[in-house]
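Please consult the sequence and the structure shown below while reading.

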Amino acid sequence: MASGSPQLHPIAIENDELKLTIRQQRVLIRNKAALLGEKTSKYPVNPKVSDKLKFIKEKTSSYFKSEKQEATQHKTALKNWLETDGNFEADPWSHLLLSWCVTLLELGGSKKRVIRKSTVNDYLISVAEPILTVLTNDDYDLTEPDDWIEALNKVITLVKSPSRRVFVRYFANYLLQTKVAPEFELSELDIPSHQTQVDANILTCHEAEIVLQYFEAQTDITSQTARLLFCLGFFSGLRRQEASKLKLRDIQINGKLSEVHVRRNLQRELKSPQSARNVPLAPFWPEQEIKFLQYFVESALSERRIDQALFADQVIVSKAFTQLSDLLRQITAEPNFRFHHLRHSYANWMYWLLHAHQSEKKLPAICSTNFLEENKKHQAQHIAFLNHPWLSKEVAVALKERLGLTFALSRKKQFVLSHLLGHSSIETTCGSYLHLLDVFSYLFLSKNYQLSRPLLIQHFGYHAKVISLHPLQLKKSVSLLQQPTLLNHEQITKNVTIESSLPILRQHQAVAVETETKQVSLVQLANFMILHEKSLSAMAIASSLELTPAEIEKLIQCYQVTATRTEYKALFTKIKANNLTKKCTNNVVAWCEILEFENGVNALNQQAIKDLISIMIPGKGFLPRTDCVIKAAELLKLTHQLKIPPQQHAFRLLIANHTDSQKLRRGNFADAQFVAATAEDWINKLVKHINLKAASFECASLFQFTSKVSQQEFDKLPITVKLIQSKEVLYKNNPLLEVRILTSQKRLNKASHNQIDTRDKSLANLIKVLCLWFSWQKLKENNPN
């Protein structure tokens, strides 16, 4: 176990395994029994969880609260405590958590090589109490991977913040790297997806002009500091700490090549290594503000050295931030507006400058001063906040030339913007910063805004159709009414209020028309089940699937009846779409499309689906396991219909014990003959249904075969078989075959060469859809209306 490295250099990581020092290896080997729950006479009583948590905080608080020089001394003391004999036996789990903390501080994580102290403290405090509660109070054997998965899943449920439950995965990854836990797949941890809410406040260029006009009239040092901080945030996208702790040498004034260097210094750490960057000042900075920055720097250089701080007095800086925040809130009328929102504003306006004016032949001149004259037809869509000199074509062209992005269309612009913001990935930029992306996409890609079908259904009914947008005119379906009835703009606005520049309709007047029930497809049924299990309303599901609310209500009743049936209850209770990844749900919909397109659903029958459910083990995540070749063949027939290639199949044969021994041992020649014969029998039966040479095949038994004579027995088999020694075969009367469907998944560091094959849980969800399909068909037969 990595209990803090005594070496001066970082420990290298190769093949996702931590290289431990000799002292650390001795601590781990000598004390691993204590970790697995074996008590010693020296320490008969474990302290309470609260005492352990208090002890961990005492050990780390002095480090997290101290400055850099003192922090090094505290970390050295913590490492010495971790390597002291006897501390592990006294409290192995507290020792392990502190060891993980030191490893994060010295080596970083799988995504970031440098992690801030505050982040590591957040990791530790968030998971320490749940881990100590579960792994010290509950009786877990922790000798098999399933025991660890079950224990860690319970830990996840005890983490209060949904956004911090992923920290348990980081800890589990550490357990695997240090060989404390046996090998298991991190994807087996039930960490539900959590989408954080993003504060979408931004400042327009017109509002920024008001801010600058106010500060230009002020002469005190606090206002001048606030003015410069505002420019660094709005025109350069710097974070609060990055702007306030700049050095004089970080500012380079050189005409069109002027830039600000964001780099690490003694006064502040950067959020991540990617935060180090050079941000150009021109041409987005107004010339007047560049001159003011130059004056400010020259005045400071007359009083202090170039390697000293740009803002000498941090008390004044704090007052300047307060003054700036109050002014921004007053101008925007937004009480929650913060300095960080200037950075969000910078991201949106830079995106616009990098992507606008790419091709005048294809895109409308949406920034020209005569926009209304050129687009009289689309006055409602006029975006006034983009008509500003700072966002003009001249600025966009100069900026792209400065950054070397003179070509028209390229994805490199996204990466450049992410780099200018100091983000480690463009996912962060696009997901949390580009709040006007939909508006920009509309302006780039479409001259005419079209009402979406779900929006039209929600506000005007299921049989309304748009025949004119300016003015808004609708008509009812010709197939239902002999003559179309036009609804002009005046008639609609009697009951509908249109308040936005975009045609977003606030209220609705539904067109009530009696209709016959539509045929619900298998794909629609799959999408219904996904949306229903995510707790969407019937109206929202109807809008998304273009079905009537009455049909959705019938589907909900059918779902509830199906879920309460004895043979389906466990499947519907434990497999929920809101706990599955987006990739799993997409796989289910794609497989339904294949079955529907090739009419494969008619080849299935309800009894075959019941047989498949009977071989799925709920305690193993509904892993298919059977001793019947016929049922295994039915499963392979289904995977063949779904066009799942043999390479994505993984077979594991659990060979029952044929002796009285109940312990793991070395196998002799007779054992090898028995295991090889059993495996060959199953292989010969399965090869009729799938190309086993392309799939992976494992054989699990109580025996470990090391002799060449034993190995020769397995070399005779028609395919390559991997031998595994496992206690899982105990008390099994017959050989059992496990079938796993694999999917390629990247590890946490997302390296392209670091992919692993993990079990895909989409199959159990597809079986749910098919159960619901047969119930729906039976309901239609009994009640056609």
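## Basis of the description

A residue counts as buried when its relative accessible area is under 20%, as exposed when it is over 50%, and as partly exposed in between, with a 1.4 Å probe and protein chains only. Helices (H or I, at least four residues) and strands (E, at least two) are DSSP runs, numbered from the N terminus.

The model is predicted: local features need pLDDT of at least 70 and side-chain atom pairs count only at pLDDT 80 or more, while totals for chains, interfaces and linings use all residues. Residues are numbered from 1 along each chain as its sequence is written, and side-chain values use heavy atoms, with hydrogens and water left out.

## The chain as a whole

The chain contains 31 helices and 16 strands. Of its 785 residues, 47% are buried. Contact means heavy atoms within 4.5 Å. Among contacts with a separation of 6 or more, 71% join residues 24 or more positions apart.

Helix α10 covers residues 221-234. From first C-alpha to last, its 14 residues reach 20 Å, close to the expected 20 Å; the expected span is 1.5 Å times one less than the number of residues.

## Ser 244 in helix α11

Ser 244 belongs to helix α11, residues 240-244. Because its relative accessibility is 2%, Ser 244 counts as buried. Its side chain reaches the backbone oxygen of Gln 241 at 3.4 Å. Beyond its neighbours within four places in sequence, Ser 244 is in contact with Leu 229, Phe 311, Gln 314, Val 317 and Phe 321.

## The packing of α24 and α25

Helices α24 (residues 549-564) and α25 (residues 566-574) pack at about 110°, with axes 5 Å apart. Axes are lines fitted to C-alpha atoms, for helices over the stretch in contact, and angles run from 0 to 180 degrees between N-to-C directions. The two helices, α24 and α25, are therefore roughly perpendicular, a term for angles of 65 to 115 degrees.

Tyr 559, Thr 562, Ala 563 and Thr 564 of α24 meet Thr 566, Tyr 568, Lys 569 and Phe 572 of α25.

Definitions and conventions. Polar contact = N/O pair within 3.5 Å; in protein donor to acceptor, adjacent residues only side chain to side chain. Parallel < 35°, antiparallel > 145°, perpendicular 65-115°, else oblique.
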